[in-house]
Amino acid sequence: MASEMSSIEVWVVPFIGQGHLFPSMELCKHLASVHLKTTLVIPSTLSSSIPSSFRQYSLIDIAELPSPPPPPPSHPGSQSPHHFHAENNSMAGCLENLLSTRSDLHRHVFAVVDVMMSWTGEIFKKSGVPVIGFFTSGAASAAMEYAMWKEQAKDIKPGEVRLLPGLPEEMGLTDSDLKQRPHGPPGGPPDGPPGGPPGGRGSPPGLPPPFAGKKRKGPPTPGGPPPWLEETEGFIGLMINTCHELEGPFLDYIANQVGKPVWGVGPLLPEQFWSSSGSLVHDHDIRTNSRPSNVTEDQVIEWLDSKPRGSTLYVSFGSEVGPSLEEFQQLADALEASNRPFIWVLQPGSGRQGPPRPFSEDEPEAGYFPHDQSQIVEKDDIVKGIEKLMEDEDIKRRVTVLSNKFEHRFPTSSVASFDAFKAFVNQKVA
């Protein structure tokens, strides 16, 4: 075992944002649990988000790459795309230097890269390091994107249901599934990947442009390939933050289609969740720097305790993609009309008027989908969705069944996946 620990090292590269960082930290812990030396590679701006307890794992190191300080935001909750560009360029150079300094450690290095940081895969591959793609989201959406592309489902008529071979019948497509909405990517200029350096523009000296000649990423167009397919080209496997108990058919579908190993390694929840035996897990036990809020965690818990079990809606969107101001109003009206208790989390700067803006006055809005006011989700549709969700007894039954499966322990299929991954990398270096 000692020889295994000294000969293999796994570098984990998360995307910025706590929704990506936290699963990546849990991934490191699980890799360490199967005696794999693990290094979390982060920009120094994320250092304050790493709890001290994480730094105490003997098999886990943290490699902090210097990053430029963020400029003052142009408006609340925003950060300049050009800053992301500069930060990623800085990270690219530092990552290459780090790889060169560690080349004499006589370890076989494997990289597990968040698919939103897939541009770093080019740097690892240049150094001869095999790369595994990591999805912090589940398998169903990735499988749907692939199946839609393979089926070339782009001409569905109103009222038609198009079945997707290899996926459950319940995943049949309707014309509404093909509608696009405005979408701006998280950072990165028009000719680069989400959050990544641009193809050939401003890349650190000595580095090949990771995405030269590749198209701007974003949601897949109807009939187009899923972005993650190109982003993981040349990767030797995929890890997905889910498990066979939750998404077995979708994990199997992706593995069959891409022809490479796919490991369900989640849900990558904080270890306190699995040991809580159904008791509350408090935010301050997990985060080192909780964000400011107009209400405390205790106030939220007290309010929830005053409501009937299963009666409350929780509404929240990620830090990168969310409704426009017009859609926020529709959502607010729908929540009011539903006459149900709800908790709605709003981040600073959430929503704004109209289509995505270009990065500057003289830059085109390349890579964005056209803004079609007729495709905004409206109040009545949201109300119908709320009622369907809250009144569907089959969904409630399935939630109860799944909750019971995960009440006391990390899924057995995911435990097996980490063992399988260890066997896989050992075989690669044998």
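1. How many bridges join strand S1 to strand S2? The two strands, S1 at residues 8–13 and S2 at residues 37–43, run parallel and are joined by 4 bridges; strands here count as paired if DSSP finds at least two bridges between them. Helices (H or I, at least four residues) and strands (E, at least two) are DSSP runs, numbered from the N terminus.

2. This is a predicted model, in which local features need pLDDT of at least 70 and side-chain atom pairs count only at pLDDT 80 or more, whereas totals for chains, interfaces and linings use all residues. Residues are numbered from 1 along each chain as its sequence is written, and side-chain values use heavy atoms, with hydrogens and water left out.

3. The mean pLDDT (the predictor's confidence in each residue, from 0 to 100) is 80 for the protein, with 75% of its residues reaching 70 or more. Over residues 182–216 the pLDDT is below 50, although this stretch has 102 contacts (heavy atoms within 4.5 Å) in the model beyond near neighbours in sequence. Residues 354–373 also stay under 50 in pLDDT, and for them the model has 39 contacts beyond four places in sequence.

4. The open sheet is formed by 7 strands with parallel pairing, in the order S3-S2-S1-S4-S5-S6-S7. Strand S3 (60–65) and strand S7 (262–264) stand at the edges and each has a single partner strand, so one side of each is left without a neighbour in the sheet. On average, neighbouring strands are turned by 25° against each other, direction ignored; axes are lines fitted to C-alpha atoms, for helices over the stretch in contact, and angles run from 0 to 180 degrees between N-to-C directions. Helix H7 (residues 244–258) packs on the sheet, where it touches strand S6 (237–240) and S7, and its direction makes about 165° with that of S7.

5. Within S1, 6 of its 6 residues are buried, that is, under 20% relative accessible area with a 1.4 Å probe, protein chains only. Ile8, Val10 and Val12 lie on one side and Glu9, Trp11 and Val13 on the other, and all are buried, which leaves both faces of S1 covered.

6. Towards S2, Glu9 has Lys37 as its bridge partner, and Trp11 stands opposite Thr39. S1 also pairs with strand S4 (residues 108–114) in the parallel sense over 6 bridges, and in S4 the bridge partner of Val10 is Phe110.

Note on methods
Buried means under 20% relative accessible area, exposed over 50%, partly exposed in between (1.4 Å probe, protein chains only).
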